Amino acid sequence: MLSKDIRTNFLQFFQGKDHLILPSFSLIPQNDTTLLLTGAGMAPLKPYFTGEKIPPHLRLATCQKCVRTPDIERVGRTSRHATFFEMLGNFSFGDYFKEESIGWAWELVTKGFLLSKDRLYVSVYQDDDEAFAIWEKIVGIPRERIFRLGKKDNFWEIGQGPCGPCSEIYYDLGPEKGCGRPNCEVGCDCDRFLEIWNLVFTQFNCTAVGEYVPLSKKNIDTGAGLERIAIALQGVTNLFEIDTVRPLLDYFSQVTGTKYHVKNRDVSLRILTEHLRGISFMVGDGILPGNEGRGYVLRRLLRRAVRHGKILGKGEPFLYKAVDLVVNEYGAFYPELLEGRQHISKVVRIEEERFHETLEQGMKILNDLMCSIGSRGVLPGELAFKLYDTYGFPLDLTKEILAENKMLLEEEGFKAALSSQRERGRSARSNNVYSKEGNAYEAIRQLSTSFIGYDALQSTGEILAILKEGESVNSAIEGEEVELVLNSTPFYGEQGGQVGDSGIILTEDGAVEVSTVVVSPLAQLIHRGRVAQGAISVGDQAKAVVHDQLRSAVCRSHTATHLLHSALQEVLGNHVKQAGSQVTADRLRFDFTHLNAASPEQLAEAEKRVNEFIWKNVPVNVTLTSMEEARELGATALFTEKYGEDVRVVRVGDYSMELCGGTHVQSAGEIGLFKILTETGIGAGLRRIEALTGAGAYRWFNQRNEVLEHAAVQMKSSPELLPEKITGLQSEYKELQREYQRLQLKLAGMEVDGLLSNVSTESGVSVISARVSAGDMETLREMADRLKNKLASGIIVLGAVSAGKVLLVGAVTADLLKEGYHAGRLVGEVAKLTDGGGGGRPDMAQAGGKEPSKLDDALDKVDKLVESQKNKRNCPERVE
């Protein structure tokens, strides 16, 4: 039975048992900061199990894509471990329980999938007599095929909260897959007994003191590994030979020229095969390679695959070419793969290219380190950690190369450096100003504010609390900085990228100028400002007035970000996702996922589309609805935001529909004008656009026009003819540059003849090192080339000063290259003496420095540096 048929049969079976079938959720958990990635079928359903939300049906079933990495080191080395897998699951929320879930699982396994009962075994928790009795007396399984296992294997819990015993179904792959021990049975850690289905009976609540209290409503959470069922049904013995995975393995076997089942090569083939599935699904769900969080998980999988490709002889990007195989296998059930096919390939290719560059850098540094410690030496752990941390160079690759050169790694030093880095990270997190220990708002946690600012910019309320320097006080007087909490307010608190409102709060005896409003860690609206006159007290009646013009300007920018988001998806692709924003009066910043810089033409097109919708003056409608209904409508949700059960859906005509708690214009025409200023990169796969709206955009165009008019006057031209005038001046300038270069080269030729009489042989070879009068790098290279041609054998290092910077060029003749002399390394060492750097090819290289005053001393040391390079030629053979 093919994997797609296993999936279909499972879902149809439970649909026939009155289960609602839900599509797979994203690998990016929503509203769950405890998880980096969706790693189980029940993970997206946690709010239903905890009672936080009401499920759409008491019985659900899913086929959930999952990624887990705790066992990443075992992937490829065992027949069953994987980072990506599909989890089939059926769930009950206070409806059916053990008897139904056990009976249905057995029915599907034996009658639906037709697995032989003779090869099936089950396990139960050691104290779960109820489950044991159901298996034996109702299902009819002999006692000797039911195994009681301990809490470690057959009891599910994660600290306080819902928990319960498990029961598992195992498939016997045969004695040949076992460990050979006489007592090999269910529970053995060998590969013989393959767990294909886990039934979790959530029937207790674990208290803080470890007491298990029975739940009034018991739940069912089951997980059947699709790939594992496929192993049993397809008559194969491991994950890598099932129908959805074997085509990938065969492809990598072909492109690397590696036969499957060859010792010491299988692991690399399997890692390539397995990791590409997870990589493709993660990128398809909007994850990009990064240095932290889920981005780091993706980068780790990619780089691990690249490294194993290199072990199999692939020195260039090749993984991305296999993405189509993954899409073809899974795209029918997971349409996001079909939609993102090109984007996924592009992300994989770019990350491959980057890591190949990293590998080259790392190899060069490691070679130099090996040279410095000598043969049979030990590489200090902190140096290996620098390779790992700064260059992303895998530790196991470092160890492997050291072993090939009969060297060792001091692993304790590496572990200490890694531990130190993690401790610094923990300290930084613990010093967060929002930590509960330092929360200035803890004393007023019981207070809350009703926000009415969507419909009004003025309101009357009561001052509930006054804070001065983090302390709660009863009153404040003129000139004091304060934070206020009101019982109701029209002021919007800074969140979701939108700045807080400003305005004024008036009482009978005083006035507070509000500079901004923030949302505290306890979700309170905090009005920050200064007492402008008189005095205020807790309990005062207060009139709160928002600065209406600033609010309107912020609304223009916020609605414009929604239009920009839609425009970028149309112009750049559906993979574009908002990654952050800042919305202020007349100006906005929009961060989004995209691999490359947008071209000027793409930015112009996006800007044009936004303005076209502004000029159409389409209405902006806001509706309050449930999260489920918003999803059905197709509203865009941001994974970085946390949403409640009820959400606001903001629609701009038929062009944009997003979940948003911010404030907006009533019609797009109110935005007036939109202008993109800049587009820059802010991280791997992240771009940032800064733009102006309304009056800010109008002022920008006016200022540009003034600059243009002034430039035209200076150039004795009109604004319309200014480009033509500039083109003419550029042509004249280029002609003068060519004449200058011709004269420079003529002078350089005269200087070269003089240098040939200053050859030093102090280092045992002919060396010319001198300061010359070249005005640019091109002239300096020309001089070095001429000397090299006239010098039968030798090494040349020339230096010059131009525009306050040091220019350096090094050259080595062909005969000395064979003896191991290297221009790139030599000129790099000279550059360091002038507070600079550089390098290049063995025969010709260039570098630069920051301190012209140090140039002469640096050139005087060239002979010694050449002699030092000569002495290093006896280091261990370099690994390329």
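Strand S25 (residues 646-652) is joined to S26 by 4 bridges, and the two strands run antiparallel. Strands and helices are DSSP runs numbered from the N terminus (strands: E, at least two residues; helices: H or I, at least four), and two strands pair if DSSP finds at least two bridges between them. Arg651 has Met657 in S26 as its bridge partner. An open sheet is formed by 3 strands in the order S24-S25-S26, with antiparallel pairing. Strands S24 (620-626) and S26 (656-659) stand at the edges; each has a single partner strand, so one side of each lacks a neighbour in the sheet. On average, neighbouring strands of this sheet are turned by 20 degrees against each other, direction ignored.

Helix H16 (residues 548-572) packs on the sheet and touches S24, S25 and S26. The direction of H16 makes about 115 degrees with that of S26.

## Basis of the model

This is a predicted model, in which local features need pLDDT of at least 70 and side-chain atom pairs count only at pLDDT 80 or more, while totals for chains, interfaces and linings use all residues. Residues are numbered from 1 along each chain as its sequence is written, and side-chain values use heavy atoms, with hydrogens and water left out.

Beyond its neighbours within four places in sequence, Trp135 is in contact (heavy atoms within 4.5 Å) with residues including Ile102, Trp106, Ile169 and Leu199.

## Packing of H9 and H12

Helix H9 (residues 293-311) packs against H12 at an angle of about 65 degrees, with the axes 10 Å apart. Axes are lines fitted to C-alpha atoms, for helices over the stretch in contact, and angles run from 0 to 180 degrees between N-to-C directions. Among the contacting residues are Arg299, Leu302 and Val306 of H9 and Val348, Phe355 and Leu359 of H12.

## Cysteines

The structure holds 0 disulfides (pairs of cysteine sulfur atoms within 2.5 Å). For Cys163, the nearest cysteine sulfur, that of Cys206, is 5.3 Å away. Cys163 is buried (under 20% relative accessible area; exposed is over 50%, partly exposed in between; 1.4 Å probe, protein chains only), at 0%.

The sulfur of Cys179 lies 3.7 Å from the closest cysteine sulfur, in Cys188, which is too far for a bond. Cys179 is partly exposed, with 31% relative accessibility.
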